[in-house]
Amino acid sequence: MSELSSLGYVVLNVSDLDAWEHFATNIIGLMVGRRDDRSLALRMDEYAQRILLEKGTADDISAAGWQFDTARELEQYVARIRSLDVEVVEGDAQTAKGRRVEKLFSCDDPNGFRHEFFFGPSYAPISSPFRSPVMKGSGFVTGRQGIGHILPIAQNYEETVDFYTRKLGFLVSDYIRDSETLPGVDFDATFFHTRTGRHHSLATAYAPTSKHLNHMMLEVTDLNDVGLAYDRCIKEGLPIYMGIGHHPNDHVISFYVQSPSGFAVECGHGSIVIDDAAWEVKNYSQMSDWGHSRTLARSAR
Ligand SMILES: [Fe+2]
């Protein structure tokens with residue numbers, strides 16, 4: 001049993017806050033929680049913030065925030081990973097306030113970003129419910145499943161998988177080892193879930209790149225909102241990394257668009273939820289059952 005509850009937030013270091021505000025709200029459908037000249041907090045639901053953008057030059061992920069249900073579970077977890085020689089530091093009050101959480105700890109990922117472990121997220125006032133500026137449906141799939149998933153690139157794949165499973169306690173959902181989709185590329189990815197069961201909150205694969213984040217996936221409640229977001233991207237001429245398609249493992253129908261920071265945002269619908277009591281780990285040989293064409297990506301470059 002994983003003690004981690006869900007991916008509660010991400011922190012991104014971005015160079016162009018204005019471009020991100022437009023992309024996040026008018027294209028993806030998120031809502032601005034607060035904005036100043038150094039940061040932009042985005043909402044997906046009743047939480048005060050789910051995606052925190054901090055102004056910088058990296059255009060990459062700086063932290064993944066993993067949620068725990070109670071202080072006791074958080075503290076037990078920190079004690080356990082410390083016993084496995086993971087260096088964990090307690091976040092100061094200012095960092096906790098900026099993350100809009102009660103308390104947090106953090107450790108470094110072998111690939112150069114931070115994992116934060118927290119409990120007690122802040123909720124927005126009931127008078128300010130989540131309202132997407134552009135979505136047709138009710139919004140994003142969050143709650144106990146967290147915000148979606150991230151796929152950071154592993155420069156040392158075996159060490160990274162070991163760190164995520166044996167030290168941080170993620171559970172393996174499945175594997176995709178695909179040598180067909182991309183000519184000359186042996187795609188090898190491992191997918192991980194937590195105890196609340198989103199098919200994967202984290203996945204990793206090796207790629208020859210200096211960026212940590214390959215993509216971040218956000219899930220919408222209404223399949224129409226995948227298509228409508230896709231149309232908004234096309235209308236705006238945004239680079240589509242992969243057109244609409246279907247993954248065999250999480251059953252998500254999605255497309256991938258380039259964000260203003262270069263990494264992709266996957267907009268999807270239909271992710272399955274894992275019941276660990278009945279789950280069987282599989283090894284898939286295709287990244288996509290259908291679609292996810294890269295033709296559009298090539299023509300956009
Ligand atoms: Fe994904």
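A residue is called buried here when its relative accessible area is under 20%, exposed when over 50%, and partly exposed in between (1.4 Å probe, protein chains only). Helices (H or I, at least four residues) and strands (E, at least two) are DSSP runs, numbered from the N terminus. This is a predicted model: local features need pLDDT of at least 70, side-chain atom pairs count only at pLDDT 80 or more, and totals for chains, interfaces and linings use all residues. Residues are numbered from 1 along each chain as its sequence is written, and side-chain values use heavy atoms, with hydrogens and water left out.

Start with helix α4, residues 157-167. Its buried residues are Tyr157, Thr160, Val161, Phe163, Tyr164 and Lys167. An α-helix has 3.6 residues a turn, so residues three or four places apart point the same way. What do the buried residues of α4 pack against? Their partners are α2, β7 (101-108), β8, β9 (148-152), β11 and β12. Contact means heavy atoms within 4.5 Å. Just after α4, Gly169 has a positive phi of about 85°.

Now step back to the whole chain. It holds six helices and 18 strands. The radius of gyration, taken over C-alpha atoms, is 18 Å. The C-alpha trace spans about 50 × 45 × 35 Å along its principal axes. Buried residues make up 53% of the 301. Of the contacts with a separation of 6 or more, 67% are between residues 24 or more positions apart. The chain exposes about 12,900 Å², and carbon and sulfur atoms supply 50% of that area. These areas come from the Shrake-Rupley method with a 1.4 Å probe; for residues, only the protein chains shown count as cover.

Charge comes next. There are 29 positive and 41 negative side chains, and the centres of the two sets lie 5 Å apart. Lys and Arg count as positive and Asp and Glu as negative, while His and the chain ends are not counted. Each charge is placed at NZ of Lys, CZ of Arg, CG of Asp or CD of Glu. Side chains of opposite charge can pair when their charged atoms come close. A salt bridge is a side-chain nitrogen of Lys or Arg within 4 Å of a carboxyl oxygen of Asp or Glu. The whole structure has 16 of them.

Take Arg195 and Glu73, which meet at 2.8 Å, N to O. Arg195 lies in the loop between β11 (187-193) and β12 (202-205), and Glu73 in helix α2 (residues 71-83), so the pair ties together parts 122 residues apart in sequence. Both ends are partly exposed: Arg195 at 26% relative accessibility, Glu73 at 23%.

Where do the partners Glu116 and Arg99 lie? Glu116 is in strand β8 (residues 114-121) and Arg99 in helix α3 (residues 93-99), so their bridge ties together parts 17 residues apart in sequence. The closest N and O atoms are 2.8 Å apart. Both residues are buried, Arg99 at 10% relative accessibility. Glu54, Arg99, Arg114 and Glu116 form a network of salt bridges. Beyond four places in sequence, Arg99 also touches others, including Tyr9, Val11, Gln49, Leu52, Ala63 and Leu104.

Asp188 is partly exposed at 25%, and Arg177 is partly exposed at 37%.

Definitions and conventions: The radius of gyration is taken over C-alpha atoms; the globule rule is 2.2 Å times the number of residues to the power 0.38.
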